[in-house]
Amino acid sequence: MSPPSSSLTPMSQVNAKRSNIPAMVGAIGVALTTGGPTYAFGLYGAALKQNLGLSQGDLDTISTAFFVAGLLSWAPGLFADRFGARLAICIGGCTGCTSLLLYWCIAKEYIVIPSHAVLVTSLSLLGIFTFESSAMVTGSVFKVLTVTAGPSKGPAVGVAKGLVGLGSGAYTCMFESIKTSNESDLDFLPLAAFLFFTCATLPGFMLIPSRKELQSTDNFTHDAQPWHFRAMYCGLIGMGLLVIWDSLAALISSRNDDDSGDVRGGGDSGKSPWTAIVLFALWWGPLVAIYCSHKQQQQRQSMGDNDDDHRGSVYQTIHSQDEEDDDSNQQESANDGDESTVESAPADEPEATTDLLLADNHHGNGATTATRDGGVPNPPVIMAHTTAIHPDRTLFQMLQTPEAYCFLWSSTIMVGSGTVETNNMGQMTEALSLPSAVTPASMALFSVAQAAARVVTGAASEYTLQKYGWPRPVYLVFAAGIGAGAHFMLGWATGEVGFVLGVALSGINFGMVWPLLVLCSGEIFGASHVGANYLFYDGFSSAAGTLLLSKFIAQDVYEHHIDPATSPDAFTCLGTDCFRSTHFIIAIFCLTCVFSSVAFVVLTKDVYKPVMAIETAVTDAEEEEESGVAENGSNEPSENVEMESPTQ
């Protein structure tokens, strides 16, 4: 008799799927490189205007063209969906680096363009290339996180969006810490180009999964641990505190310069390259620690799997011999005519044990109904997978739904309200006659505020969704209210305190939108086309919002209030009226976003009902389990009852 084939699966095959840790580490680390150059135009815009003799209209055209490129940002998203995130990140990092270096050469007049029209056009086109490069990297980053993060999707997207938001502030502090007195603010551009290549292209090539692996969430195991996110949160908090400290130090230094008679002070006092080193360590340190810890755990697990395989083969041999003995005993009993029944362990018992082991080892990939330790069912993982309610939609199919346009209006206004600040920060402080140090300090505080809002919104929306069943779009309503209050405050601000507080609130409003763009796009319209769908919202909101609020409204109001009697030239506006009407108009627009966001919540409420149903089912199951345990505590154990039933 041939020995039966064993159903025991070697333990080395259980973990055949790829861990999501390298992909998450790479994607989250790369995210910051896109925020640095995207939202830092306000830092070097005034220097660009002065160095090339540009008007405010020229400057607004260049800055607006940068964000108008967002109208085409769906194209990089399609590229990432079609050819894979790894290739998209590598190409985006290289083209972004090249575009920034060419931009710097033209701005510093190393490449001289005699025609004024060609100059403005060239800078605008390079800005478009830079934006599209950032979009290619951004879309790939959140494509990776949407597919690989699993139950940790909300916190992972929040951390990545936090780094994007903190990018301009971190880059500004790095640059200010290594900048010398004879360097221009335009020298920020080669620093951004260097980081684009070293911190986007190289990690993307080494850590991001291939296109084939990203085709399904089932190709990854979900190995993220709570301490992983605590480490990343600590890094983000450390970076934010350092940026705030550097900004406050710059403001204090500017006040001291005012007391000494240097009205537009600055100086190199207090600067140290260690600020840049510490920021870089806080950026990559936690991610490297998570990656190295994961690799060590994999090595230990691999050694343990080899031992388990050996024990499994021994168990298989013994079990096969036992089965042969049972078969021979049963055959002998039949030949002897013995009517007694020989009871033996069922032949499929080892299979059940193996299936339970496999289910336990795969519990991170989804809910399982296997039981452990006394028959207590494992609770299902609560995730907002909604493809059963709303199938995946392409970009064209998405745009045929009314909820898409409610979402689009809210995101366009709130993103545009933030780009007004980043594009005109230098002009705003100049109009209020604030010290020059207020510009980088305000940029840094805006960056920290929006970074904190991104992280908190991602984690808080995940918690309230799973715990209380709150639809994620509810946070759009909160963001719209904060934005209205921020711009009313900025409209009435006349000094440093009111201006800085208004900028910080505006940063919170701006930052809350970004994780919701990723999460709502994937949950409401499906994960299969999230690259193109998310980047449509990302790009269109940046383009249309900037064009409407920064180009048409802010520029018109600014130029209308230029007073030749007080202006040092024909292009500079001084006084509180230069941006007051702009802020009030934006505040009214934000109030309309409250209503469009409420409509978005109502239209998409069915998408999030299954999450509340799962939470209710889990709660009921836990209550039944507790009541069953209480009843068994006063009676005989349930196992004894089951053992008596065959003899009755």
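A cavity, on a 1 Å grid over the protein atoms alone, is a set of points where a 1.4 Å probe fits but cannot get out, and its lining residues have an atom within 4 Å of a point. The structure is a predicted model, in which local features need pLDDT of at least 70 and side-chain atom pairs count only at pLDDT 80 or more, while totals for chains, interfaces and linings use all residues. Residues are numbered from 1 along each chain as its sequence is written, and side-chain values use heavy atoms, with hydrogens and water left out.

**Exercise 1.** Describe the lining of the largest cavity.

Solution. Begin with the volume, which is about 130 Å³ for the largest cavity, where a volume is the space filled by probe spheres set on the points, and grid points are joined across faces, edges and corners. Next, look at the lining, which is made of 14 residues, with Thr38, Tyr39, Ser134, Thr138 and Asp538 lying nearest the centre. Then ask which helices (DSSP runs of H or I, at least four residues, numbered from the N terminus) take part: helix 2 (21-38), helix 7, helix 8 (153-178) and helix 18 (530-560) each supply at least two lining residues, and helix 7 gives the largest share, four residues.

**Exercise 2.** Find the salt bridge of lysine 143 and state whether each partner is buried or partly exposed.

Solution. A salt bridge is a side-chain nitrogen of Lys or Arg within 4 Å of a carboxyl oxygen of Asp or Glu. The side chain of lysine 143 meets that of aspartate 81 at 3.4 Å, N to O. This pair links distant parts of the chain, with lysine 143 in helix 7 and aspartate 81 in helix 5, 62 residues apart. For the last step, buried means under 20% relative accessible area, exposed over 50%, and partly exposed in between (1.4 Å probe, protein chains only). Lysine 143 counts as buried because its relative accessibility is 10%, whereas aspartate 81, at 22%, counts as partly exposed.

**Exercise 3.** Locate serine 433 and glutamate 109, and compare their phi values and accessibility.

Solution. Serine 433 lies in the loop between helix 14 (402-431) and helix 15 (438-468), and glutamate 109 is found in the loop between helix 6 (85-107) and helix 7 (116-148). Phi is near 60° for serine 433, a positive value in a residue other than glycine, and near 65° for glutamate 109, again positive in a residue other than glycine. Serine 433 counts as exposed because its relative accessibility is 58%, while glutamate 109, at 44%, counts as partly exposed.

Note on methods. 1 Å grid on protein atoms, 1.4 Å probe; cavity = no way out; pocket = protein on both sides within 12 Å on 5 of 7 lines; lining within 4 Å.
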